[in-house]
Amino acid sequence: MAEAQFKAETSTRGEWVRQANRFTERITADGSSGWPAQPDRYRLVVSLACPWAHRSVIVRRLLGLEDALSMGIVDPIRDRRGWRFTLDPQGKDPVTKISFLSQAYLRADLEFRGRCTVPAILDVAEGRVVTNDYPQLTLDLSTEWAKYHRNGAPQLYPEHLRTEIDEINAVVYADVNNGVYRCGFATSQEAYEEAFERLFARLDWLSEHLADRRYLVGDTITEADVRLFTTLVRFDAVYHGHFKCNRQKLAEMPILWAYARDLFQTPGFGDTVDFDHIKRHYYATHDQINPTKIVPVGPDLSGWRTPHGREALGGKPFGTGTPPG
Ligand SMILES: N[C@@H](CCC(=O)N[C@@H](CS)C(=O)NCC(=O)O)C(=O)O
């Protein structure tokens, strides 16, 4: 992140205050927003390193939206020009033909000066960003794109559980998903310690909550599990060291570690995780925290595939549906 932008998102007390999502248009089933859900019209752009983007990668796969909504993957290392399509031939996204994600942001708003973030959904014909509103984006994949879901797709945001899912999501966002960033990007001891206390108090609360139930809400996977998973899976690889979230490792919190392994071993979760992108992105991109850009060799990741024992709690990950192929 550029220094000026980093300062713009830091309070006078040294707290990290995340920028608002600038592009909040919605793609809807009936097209009333001007952006109808349609196959081949849009492109989801993600970094496999990014926890906010990772949500959309998981949800798209669980729902079987791969044929309706294509996906571009950026280089995990951002340079001064931001996210780049350097993994693609000639350094261009093959569908939108852009080299930098910022091009699509500027096509939507020439005056935009904030961070050009992933995930973003682009309109392919116009080559512009439609939305970077990551919390709404995955909910819309569940609801507004229902016509294009695969047979057997799970209900990740069922109507009767929405209030409960929204409530859990709100505290998990504030204390955990964004909490790790508030630890890592704090620029005062006080702000760091406050974020650290909140993070681990919430992880303790989540451990208790998950002690006798397999999933966060109801007895199947939902959007709430997707959102917690993307932070937990990065915990030991990057947040524990790089963001100083080190009261314990995930692997030292038995209930959360078993819960995370259970999800990791569920089709659609672990098979979307790229630890190489995750580690290289965090350690080599945030130069204000890690100026040498040295990427640690550890941790040992072999534990992720070990038995978790959580089947004994009951629940069926996909309910009456089926896992993705
Ligand atoms: N859209 C949100 C969250 C998404 C987000 O922060 N994505 C990160 C990657 S994890 C990103 O794209 N950062 C680009 C940058 O900092 O320049 C925001 O604006 O803070």
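Visitor: Is Asp40 buried or exposed?
Guide: Happy to start there, and please keep in mind that this is a predicted model. Asp40 sits in the loop between helix H1 (3-8) and strand S1 (42-46), and its phi is near 65 degrees, a positive value in a residue other than glycine. Around Asp40 there are 11 other C-beta atoms within 10 Å. A residue with 12 or fewer counts as exposed, so Asp40 is exposed.

Visitor: Which peptide bond joins Val118 to the next residue?
Guide: Most peptide bonds are trans. Here, omega is about 0 degrees between Val118 and Pro119. Pro119 belongs to the loop between helix H3 (101-108) and strand S3 (120-123). The bond joining Val118 and Pro119 is cis.

Visitor: Where does Pro299 lie?
Guide: Pro299 is joined to Gly298 by a cis peptide bond, with omega about 0 degrees. As for its place in the chain, Pro299 lies in the segment after helix H10 (275-285).

Visitor: Which residues of H10 make the contact with H8?
Guide: H8 passes H10 in a right-handed crossing. From H8, the contact uses Arg234, Ala237 and Val238. The residues of this contact divide into 5 nonpolar, no polar and 2 charged. On the H10 side they are Phe275, Ile278, Lys279 and Tyr282.

Visitor: Which strands stand at the edges of the open sheet?
Guide: The sheet has 4 strands with mixed pairing, in the order S2-S1-S3-S4. Each edge strand has a single partner strand, so one side of each is left without a neighbour in the sheet. The edge strands are S2 (70-73) and S4 (128-131).

Visitor: Which helix lies across S1 and S2?
Guide: S1 and S2 run parallel and are joined by 4 bridges, and Arg43 stands opposite Ser70 in S2. The helix across S1 and S2 runs at about 130 degrees to S1, and it is H2 (residues 51-63).

Terms used:
Residues numbered from 1 in each chain as written. Predicted model: local features only at pLDDT ≥ 70, side-chain atom pairs only at ≥ 80, totals over all residues. Helix = DSSP H or I, 4+ residues; strand = E, 2+ residues; numbered from the N terminus. Buried ≥ 20, exposed ≤ 12 C-beta atoms within 10 Å, placed from the backbone. Left-handed = near helix turned anticlockwise from the far one by under 90°. Contact = placed C-beta atoms within 7 Å. Nonpolar A, V, L, I, M, F, W, Y, C, P; charged D, E, K, R; others polar. Pairing = 2+ DSSP bridges. Axes fitted to C-alpha atoms, helices over the stretch in contact; angles between N-to-C directions.
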